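Hi,

Here is the structure I promised to pass on. Please load it first; my notes follow below.

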Amino acid sequence: MALPTPVNGMITDAVTQANVKVLGDAPAMAMGAIYQSLAHSTGILYENAASSQQQLAIAGQAATNQGVIQIYSVDTMAGAVAASKISQSDTPDNLLALLTALKATVV
């Protein structure tokens, strides 16, 4: 019991016991707060992981789509490059001269 005071001893004991209970509950409350924070952080971790997986899946689909587009456009690009090379050479002039010569001999 505490030193003699003008307050009743039973009241002082009740206040002291309440203070001891608060001090005794403090570690459990602190651990509860830590566990709650850990659970929240883990939830956010899984949310971010799921979001990253979704973004990677979208990027993978886009890359696959671009690859397929390039595969399908190989023939067209080759044709365009060949047409460009032919138009820059003297082949059309030679073909026109050959056609003119053939027409002159047939008539």
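A definition before the findings: the bend at a residue is the angle between two fitted axes, one through the seven residues ending there and one through the seven starting there. Keep in mind that this is a predicted model.

By that definition, helix α1 bends by about 35° at Ala 26. A proline, Pro 27, follows within four residues.

Now the span of α1. The helix covers residues 9-72, which is 64 residues. At 1.5 Å a residue, α1 should span 94 Å. The end C-alpha atoms of α1 are 94 Å apart, so the two values agree.

Confidence next. The mean pLDDT of the chain is 83. Of its residues, 94% reach 70 or more. Helix α1 has the highest confidence in the chain, at a mean of 87. The lowest is in helix α2, residues 74-88, at a mean of 77.

On the surface, there is a nonpolar patch. Met 31, Ile 34, Tyr 35 and Leu 38 form it. Together they have about 420 Å² of accessible area. Met 31 sits in helix α1.

Last, Gln 88. This residue belongs to helix α2. Gln 88 counts as exposed because its relative accessibility is 67%, and exposed means over 50%. How far apart are the C-alpha atoms of Gln 88 and Leu 99? They are separated by 19 Å, with the two residues eleven apart along the chain.

Best wishes

Note on methods
Residues numbered from 1 in each chain as written. Predicted model: local features only at pLDDT ≥ 70, side-chain atom pairs only at ≥ 80, totals over all residues. Heavy atoms only, no water. Helix = DSSP H or I, 4+ residues; strand = E, 2+ residues; numbered from the N terminus. Expected span 1.5 Å × (residues − 1). pLDDT = per-residue confidence, 0-100. Patch = residues over 30% accessible without salt bridge, like charges linked within 9 Å, V, L, I, M, F, W, Y side chains within 5 Å. Areas by Shrake-Rupley, 256 points an atom, 1.4 Å probe, with all protein chains shown as cover. Salt bridge = Lys/Arg side-chain N within 4 Å of Asp/Glu carboxyl O. Buried < 20%, exposed > 50% of the residue type's maximum accessible area, 1.4 Å probe, protein only.
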